[in-house]
Amino acid sequence: AEHCWFVIRRDGRCDRWEVWQDPDFGGESWGHLHRNLMSPTAGIRRNPAYFLRHWCGEAGIDLARRIEAAPDRYPWCRTYHYVPGPNSNTFAQWCLQDRHRLGWRSIGRGYVKRIK
């Protein structure tokens with residue numbers, strides 16, 4: 001399984017955004033949604049972080065705005081279920097919309113389809 005998160009680099013800042021199984025665990029948080037819970041390149045448990053995709057220009061700016069608006073717009077900030085979701089991959093797919101489809105190892109990515 002994968003745990004997806006976003007890193008936004010802008011204006012000298014570098015922020016990591018993700019959903020974590022524990023609410024209000026660290027960094028800035030809105031329930032299960034966290035900003036800077038861990039460093040941008042920290043892996044999960046014994047698994048190292050790896051780079052999946054990169055957006056820049058207008059596409060990157062649009063995605064960053066959606067991610068940064070998530071504390072007010074993401075419908076599952078206060079809910080977490082590993083299976084079937086919502087979880088970290090539900091958040092990632094919700095942010096990505098149709099920009100990119102997460103792979104089959106991203107359990108919870110399909111939970112987004114439950115609302116429109």
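The largest nonpolar core of this predicted model comprises 21 residues, and those with the most contacts inside it are Phe6, Ile67, Tyr74, Phe91 and Trp94. Such a core is a set of buried Ala, Val, Leu, Ile, Met, Phe, Trp, Tyr and Cys residues joined through side-chain atoms within 4.5 Å; buried means under 20% relative accessible area, exposed over 50%, and partly exposed in between, with a 1.4 Å probe and protein chains only. At least two residues of this core come from each of strand 1, strand 2, helix 1 and helix 3. Helix 3 supplies the largest share, five residues. Helices (H or I, at least four residues) and strands (E, at least two) are DSSP runs numbered from the N terminus. Nonpolar side chains tend to be buried together in soluble globular proteins. Leaving aside neighbours within four places in sequence, Ile67 is in contact (heavy atoms within 4.5 Å) with Phe6, Ile8, Trp17, Phe91 and Cys95.

Residues are numbered from 1 along each chain as its sequence is written, and side-chain values use heavy atoms, with hydrogens and water left out. Because the model is predicted, local features need pLDDT of at least 70 and side-chain atom pairs count only at pLDDT 80 or more, whereas totals for chains, interfaces and linings use all residues.

Strand pairing was assigned where DSSP finds at least two bridges between two strands. Strand 1 (6-10) and strand 2 (13-19) pair in the antiparallel sense over five bridges. Within this pairing, Ile8 has Asp15 of strand 2 as its bridge partner. Strand 2 also pairs with strand 4 (residues 33-35), in the antiparallel sense and over three bridges. Here the bridge partner of Glu18 is His34 in strand 4. Strand 2 is mostly covered, with five of its seven residues buried.

The hairpin of strand 1 and strand 2 has two residues between the strands, and Asp11 takes a positive phi near 50 degrees there. Asp11 is exposed, with a relative accessible area of 74%. A positive phi near 50 degrees is also found for Asp24, a residue other than glycine, in the loop between strand 2 and strand 3 (28-30). Asp24 is partly exposed, at a relative accessible area of 47%. Most residues other than glycine have a negative phi, and most peptide bonds are trans.

Val83 and Pro84 are joined by a cis peptide bond with omega of about 5 degrees. The bond from Gly85 to Pro86 is likewise cis, with omega near 0 degrees. Asn87 is found in this loop between helix 2 and helix 3 and counts as buried at 1% relative accessibility. Apart from neighbours within four places in sequence, Asn87 is in contact with Val19, Tyr74, Tyr80, His81, Tyr82, Ile107 and Gly108.

Cys77 also lies in the loop between helix 2 and helix 3. Cys77 is buried, with a relative accessible area of 9%. Not counting residues up to four places away in sequence, Cys77 touches Trp30, Gly31, His32, Leu33, Ala70 and Pro71. Cys77 and Asp11 are 66 residues apart in sequence and 26 Å apart in space, C-alpha to C-alpha.

Grid points are joined across faces, edges and corners, and a volume is the space filled by probe spheres set on the points. The largest pocket holds about 1200 Å³ of space. Its lining has 45 residues, of which Cys4, Trp5, Phe6, Val7 and Tyr50 lie nearest the centre of the pocket. Strand 1, helix 1 (57-68) and helix 3 (88-96) each supply at least two residues of this lining, and helix 1 gives the most, with six residues. By residue class, the lining divides into 27 nonpolar, 12 polar and six charged residues, where Ala, Val, Leu, Ile, Met, Phe, Trp, Tyr, Cys and Pro count as nonpolar, Asp, Glu, Lys and Arg as charged, and the others, Gly among them, as polar.

Methods:
1 Å grid on protein atoms, 1.4 Å probe; cavity = no way out; pocket = protein on both sides within 12 Å on 5 of 7 lines; lining within 4 Å.
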